[in-house]
Amino acid sequence: MARLHRVSIYSSILISIYLLVLFEVLPIPLLDANVAQEILPVIPWWLLVSFGSYSLWSLGWGVFTFRDCPEAYHELLREINEAKNDLRSRAVTVD
Amino acid sequence: MQGQYNTPNTHKYSVILPTYNERKNLPIIIWLLAKVFEEHQLSWEIIIVDDASPDGTQEVAIELARAYGEDKILLKPRAGKLGLGTAYIHGLDFCTGDFVIIMDADFSHHPKFIPQFIRLQQAHNLDIVTGTRYRSTSTPYLAEAQPGGVHGWDLKRKLVSRGANFLAATVLNPGVSDLTGSFRLYRLPVLRHIITLTQSRGYVFQMEMMVRARALGYTVGEVPITFVDRIFGESKLGADEVVGYAKGVWQLFQSV
């Protein structure tokens, strides 16, 4: 089963449960009905905003911690020179 | 017995190098690879799959074969520019090693990391080891791993890279930190199996191989690598590539 199908099935189940609870077809056992009716309509927006803030944080942190490696660049340039000299002595055309 | 060294590592490592117009870079990358393999006393071979380069890449490859040995440098040319995936398939037909390393020939991947890949693979009996530019430690733990990084990317490029990775990680949950990386060590039968299943082309091909490998249950480890991008010239990323990437991620989401 592809990932798309798995995700679709799980989200359909969760969305159906959510809609049933929202339209008061299913009761929530321990929560007062008034409180539930205030919280439930907001849940999708809360999920969206939470995902948005997580994404933003993740991107910002990722860019902040992205390492530069100038030493690797200089080491590579040195090695290229060394390689060229060695290869010329072995009868290989370089550059 | 594959190697002539008195070492505990008796595996043979094949490197498949697809080339197109790499006459300048090829000798140096071969020199670096040979140096690393000889220093660590590993049995090796390099298979150069050249797509009919007009600049004389094949002539240089023949000279290198003469310098290093015809059994070590194998030139397996093709008639035209046929793409990366088929280049690997073509190269796999000539592999006599039991592990395959794939990498770029333009110095963005440095062969000095190969011994770390091998050590990690042996320590945990992994099927695949991939290089990651985004981590500073390896998974599973390897004491000699140095932090990864990139040279030659400005802030915008870094942001695009992180964004692309975040998108792929959220949609596909691949379990590796660098999904588009193409510096990898594979067990030969694992690579053969995965490559027959992969359908995409371009860099989405590399992503698909990793995602399929994970879906099939192969074990994957990561080693941080330093990536020196475009040592001669600037790195460019166009809008077309971004759209193509998003399409590739969506296709993988649908098919794996």
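Biologist: How many residue pairs are in polar contact between chain A and chain B?

Modeller: The count is 13 residue pairs, both residues at pLDDT 80 or more. A polar contact is a pair of N or O atoms within 3.5 Å; within protein, one must be able to donate a hydrogen and the other to accept it, and residues adjacent in sequence count only if both atoms are side-chain atoms. The model is predicted: local features need pLDDT of at least 70, side-chain atom pairs count only at pLDDT 80 or more, and totals for chains, interfaces and linings use all residues. Residues are numbered from 1 along each chain as written, chains are lettered from A and ligands numbered from 1 in written order, and side-chain values use heavy atoms, without hydrogens and water.

Biologist: Why is the meeting of B:Lys112 and A:Glu75 called a salt bridge?

Modeller: The N to O value is 3.1 Å. The definition asks for a side-chain nitrogen of Lys or Arg within 4 Å of a carboxyl oxygen of Asp or Glu, so the label holds. Between chain A and chain B the count is three salt bridges.

Biologist: What makes up the contact between the chains?

Modeller: Chain A gives 36 residues and chain B gives 42 residues, with contact meaning heavy atoms within 4.5 Å.

Biologist: How much area do chain A and chain B bury between them?

Modeller: About 3,500 Å², 69% of it on carbon and sulfur atoms. That is accessible area (1.4 Å probe) lost by two parts on being put together, summed over both.
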